[in-house]
Amino acid sequence: MSEKHTIYGTNLDDVLEEAEQPGNVIDYQPGDTFLHRLNPVTKLVISLGLITIAFLIPDFRVGLVLSVLLAMVVVVTGVYRPIAKVLAVIGIPLTVALVVIQGLFYPENQTPWYIFESVPVFEQIIVYEEGLLFALLILFRILVLMLALLGTIVTTHPKRLTIALMEKRMPSKLAYVFLAALQFIPQMRQRANAILDAQQARGLDTSANLWRRATSLVALLAPLLISMLISTETRALALESRGFAREGERTYLFDVPDTTFDRALRWLMFACVIAVAVWRVIL
Amino acid sequence: MATREQEFEDRKQSSFIKRAQSDFTTVAWVLIPVAVGINVIGGTLTNVLRIPLYLDMIGTILLAVLAGPYVAVVGGLLTNVVLSFTASPTLLPFGLVQAAVALAVGYLAVRGWFRIREGKGYLKLVGVAVVVVLVSVIVSSPIVVLVFGGVTGGPTSVVTGVFLATGQELITSVVATQFLVEPVDKIASVFIAYFIAKSVPERYRPSFGQKSIS
């Protein structure tokens, strides 16, 4: 954000980063780019709009164009590193599976596109055009989905996202639940490891047969749940003492500006989606 | 015991809004993020214990039993929103599966399918698992076909590929794959969720959970 907040002389962003326990695959990338400055709701609306458009039009070129545009935005803003990681982990197996399975076995396959001759076991393997086109269509749609949402997630601090959504009338309890869940996961992972160690010390065998291992899951998850419940009771009291359930106006630690430009972008996106939908229905 | 079942009788007669309002107590709100965490951690623990299942719904089922269907729907949808922040946004559409399972399990919990008093009663849990399998196949198959073109890139894609190779339609292949993969996973999830729910001390259970389990 353009404005610089400080708490006791320390930059607010640094304080937040310290308070957070990273460890998620997709972490917020601090920065001050065009994408960071957009209102989170605008980013969400644009992402969902682009995804809708990509899924409405059954032509892979639309997905291709949108993907290239999104990729350019992501690279220009310099937040491509975590995105590339997720794309590689999720995208590569998906691409391979889609191209192989649809290229070979898509039910509407007719036109051979490439023939592998003299393959052992099979006489020949035929890759079909229809299947490949279908695979490309699906791939670029998913690529649009991933790039748009990852771009939004990586450039938006979850706290800013929830404040922006609360300003758009999202119930504050829902916002709390979302932020708490995000924070709990690294915590719970640590706790789960501690419980695993403790149960192993008591003789839990992680190399026993499958049935034993499956039942030992209860011995791991039950203490995890109960210990979380005990600590959340304290948390609930703390929240209540600070007016969690109170109605009425709230003030936020951050100011998330919603500019005219943001509003214009949202309406533009909305109009585009409607136009595409109408065009699809008429054709 | 009779009075407890009586309380669920009241529930059946009250309106939807009243039921939802009475479910969303502070204890229930506090449970939601914990259940989301259990959904996510369940997947991690299966890796540690090398159990070849997903078990990514234990938290949602737990929430449906402890806090009722509507709270569980919020928890289920939230799980996949959180997962798209921590793992991959491609998981977002599958939130609908969690929500549908949450509704089904919550409904069964109201009908007393988690009140087990004798050894034979565990058959009820098998019944719940069958419903969960049906619901999740019915909801997830269209998502797999429409969003992913039938192939999600996981190990199950190979099974779908085999079905496609035998000349099946895309949707039939996906449904068949799901029916092969889901039952064991969902039976395990339902049983594990039940035993965890039972081990929660009564004072930490929301009022719904005090009535639904025994």
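From the N terminus on, the elements of chain A run β-β-α-α-α-α-α-β-β-α-α-α-α-α. That comes to 10 helices and 4 strands, where helices (H or I, at least four residues) and strands (E, at least two) are DSSP runs numbered from the N terminus.

Please keep in mind that this is a predicted model, in which local features need pLDDT of at least 70, side-chain atom pairs count only at pLDDT 80 or more, and totals for chains, interfaces and linings use all residues. Residues are numbered from 1 along each chain as its sequence is written, chains are lettered from A and ligands numbered from 1 in the order in which they are written, and side-chain values use heavy atoms, with hydrogens and water left out.

Of the 283 residues in chain A, 41% are buried, meaning under 20% relative accessible area, with exposed over 50% and partly exposed in between (1.4 Å probe, protein chains only).

For chain A, an unreviewed UniProt entry lists "transmembrane region" at several spans, including residues 132–154 and 210–230; such annotations may be inferred rather than shown by experiment, and positions follow the numbering used here, with feature names shortened. In the model, residues 132–154 of chain A are 100% helix and 0% strand, with end C-alpha atoms 31 Å apart.

For chain B, the spans that UniProt lists under that name, also from an unreviewed entry, include 27–49 and 122–150. Residues 27–49 of chain B are 96% helix and 0% strand, and residues 122–150 of chain B are 93% helix and 0% strand.

I turn now to a helix pair in chain B. Helix 3 (residues 26–48) and helix 4 (residues 58–67) of chain B pack at about 155°, with axes 7 Å apart; axes are lines fitted to C-alpha atoms, for helices over the stretch in contact, and angles run from 0 to 180 degrees between N-to-C directions. Helix 3 of chain B is therefore roughly antiparallel to helix 4 of chain B, a term for angles over 145 degrees. Residues in contact (heavy atoms within 4.5 Å) include B:L31 and B:I32 from helix 3, and B:L62 and B:L63 from helix 4.

Finally, which residues of helix 8 (residues 156–165) of chain B are buried? They are B:T156, B:S157, B:T160, B:G161 and B:L164. These residues lie on the same side of helix 8 of chain B because they cover an arc of only 150° around the axis, taken from the directions from the helix axis to the C-beta atoms. The face turned away from that buried side carries the exposed B:V158 and B:V162. What covers the buried residues includes helix 5 (80–105) of chain A and helix 9 (170–199) of chain B.

Note on methods
Angles under 35 degrees count as roughly parallel, over 145 as roughly antiparallel, 65 to 115 as roughly perpendicular and the rest as oblique.
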